Amino acid sequence: MTQATTAAIEKSTRWHGGRSPYNVSYGKIMMWFFLISDALTFGALLISYGTTRFSSNVWPDPNAVFHSFPVISNFTDKPLPLMFVSLMTFILILSSVTMVLAVHAGHYNDKKGVIRWMLLTIIGGICFLACQAWEWTHLYHTGAWWGSFFNAPLESVQHLFNMHRPGTAEAIARDPSVAAAATHDFYNYFFTITGFHGAHVTSGVILNIMLLVNTVNGTYERRGHYEMVEKVGLYWHFVDLVWVFVFTCFYLL
Amino acid sequence: MSAQHHHEDIQSLYEGDQSKLYSGVMNHHTDINSEESRKQVKRIWMITLLLSVVTIIEVAIGLGAHYAGVHSWLIITIFLALTIVKAAYIVRVFMHLGDEQKNFVNVVLVPLLLFIWFIIAFLADGHFWLHMNNTQANTKNIEAVQH
């Protein structure tokens, strides 16, 4: 049989029952569909952040907002923009890599490999959450929270703005209240979106721990495959994927 | 036809745990130290390196623009392009979407095309609000003029 006829048969029988047309199991398809819906939720949050930003004359400069680093900032007054979030991003990328290596080990029914990489993935997730907890605490001590800086005086928020940015100094001179209003909006979105992402990381860590326990107990070994690692892996990579966009929207742009 | 169809209790698999039927990827591999396995692991680490390098480039551009005081649409475009690159590699390699059938890839990606419209429509809306507030529709300014 030629390749072309094989392909034709493949195509005609694909939708006639008895097999999965996508060659993907039900659970995995549902995980993908859940992730699509979750992508729409995160997308809506980030787009509304963008809409508010586009409708504001001024916006806080991320390099002025996020400039501290644990321990190091205790010894120096020098601002360290982008440094801490780069570390967080790197931790999350690494934990995504250890997850994909756990999935890989699962493909080969390598129980020890799955245990090792899952353990590292969980540690990475916890490290990321610890970093986020530090950042939230730090920002909280600077007065930032949901609803903060509402109608606040200009002096309390002025340092968050880059006056050299075209239009910023003029807009604040015209109406000083825009600075506090933009800071208020900025922090509301920041805590909501990173909080929603952090909640995803938290539930991901819990799922990963359940996965590790099941692997150690030999549940997947008896089942004959490690597809559960793949499914939770999809979720974990998605969390990393969302962070890529959060990183760009909040810290770079 | 794949080997899974010769399974003895195929009915129980349909009704119960379906993953044994469909995850053809998993049935062929046995040796984690095989040449094929090593190649896949190497690819994963290469992508890791790529994601890290792209992030470092982003941070370098961000810091450079910050200290040089540069604000340009070019930098924003570069950031967005690099973000898409990172996202594409995560989805394609880490989430193994590149290994799925083409029609399933479309099932996942086509709905997300909605974002093109979402982003354009909502950002344009925000921009228009700013325009209105800064010009004739700004009641605050009108009040200030009246008093």
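Me: The expected span of a helix is 1.5 Å times one less than its number of residues. How many residues does helix 5 of chain B have, and how far does this helix reach from its first C-alpha to its last?
Reply: Helix 5 of chain B has 22 residues and reaches 31 Å between its end C-alpha atoms, close to the 32 Å expected. Helices (H or I, at least four residues) and strands (E, at least two) are taken as DSSP runs and numbered from the N terminus.

Me: What kind of model is this, and which pLDDT limits apply?
Reply: This is a predicted model, in which local features need pLDDT of at least 70 and side-chain atom pairs count only at pLDDT 80 or more, whereas totals for chains, interfaces and linings use all residues. Residues are numbered from 1 along each chain as its sequence is written, and chains are lettered from A and ligands numbered from 1 in the order in which they are written.

Me: What are the ipTM and pTM of the model?
Reply: Both ipTM and pTM are 0.88.

Me: Back to helix 5 of chain B: which of its residues are buried?
Reply: They are B:Phe79, B:Lys86, B:Ile90, B:Val91, B:Val93 and B:Phe94. A residue is called buried if 20 or more other C-beta atoms lie within 10 Å of its own, exposed if 12 or fewer, and partly exposed in between, with C-beta atoms placed from the backbone.

Me: And what covers them?
Reply: The cover includes helix 5 and helix 11 of chain A, together with helix 4 (35–68) of chain B.

Me: What follows helix 5 of chain B?
Reply: B:His96 follows, with a positive phi near 60°, although this residue is not a glycine. B:His96 sits in the loop that joins helix 5 (73–94) to helix 6 (102–112) of chain B.

Me: Why does B:His96 count as partly exposed?
Reply: B:His96 counts as partly exposed because it has 19 C-beta neighbours inside 10 Å.

Me: How many helices and strands does chain B have in total?
Reply: Chain B has eight helices and zero strands. Of its 147 residues, 12% count as buried.

Me: What is the average pLDDT of chain B?
Reply: The average for chain B is 81, and 72% of the residues score at least 70. Here pLDDT is the predictor's confidence in each residue, from 0 to 100.

Me: Where does the pLDDT of chain B stay under 50?
Reply: Residues 1–8 of chain B stay under 50, and the model has four contacts for them beyond four places in sequence. Residues 11–16 of chain B are also below 50, with four contacts beyond near neighbours in sequence. Two residues are in contact if their C-beta atoms, placed from the backbone, lie within 7 Å. Where pLDDT is low, the predicted coordinates should not be read in detail.

Me: Change of topic: how many residues does each chain give to the contact between A and B?
Reply: Chain A gives 51 residues and chain B gives 55. On the side of chain A that touches chain B, the elements giving two or more residues are helix 2 (26–54), helix 5 (83–107) and helix 11 (227–252) of chain A. That side has 24 nonpolar, 23 polar and four charged residues. Ala, Val, Leu, Ile, Met, Phe, Trp, Tyr, Cys and Pro count as nonpolar, Asp, Glu, Lys and Arg as charged, and the others, Gly among them, as polar.

Me: What about chain A itself: how many helices and strands?
Reply: Chain A has 11 helices and zero strands. Of its 253 residues, 40% count as buried.
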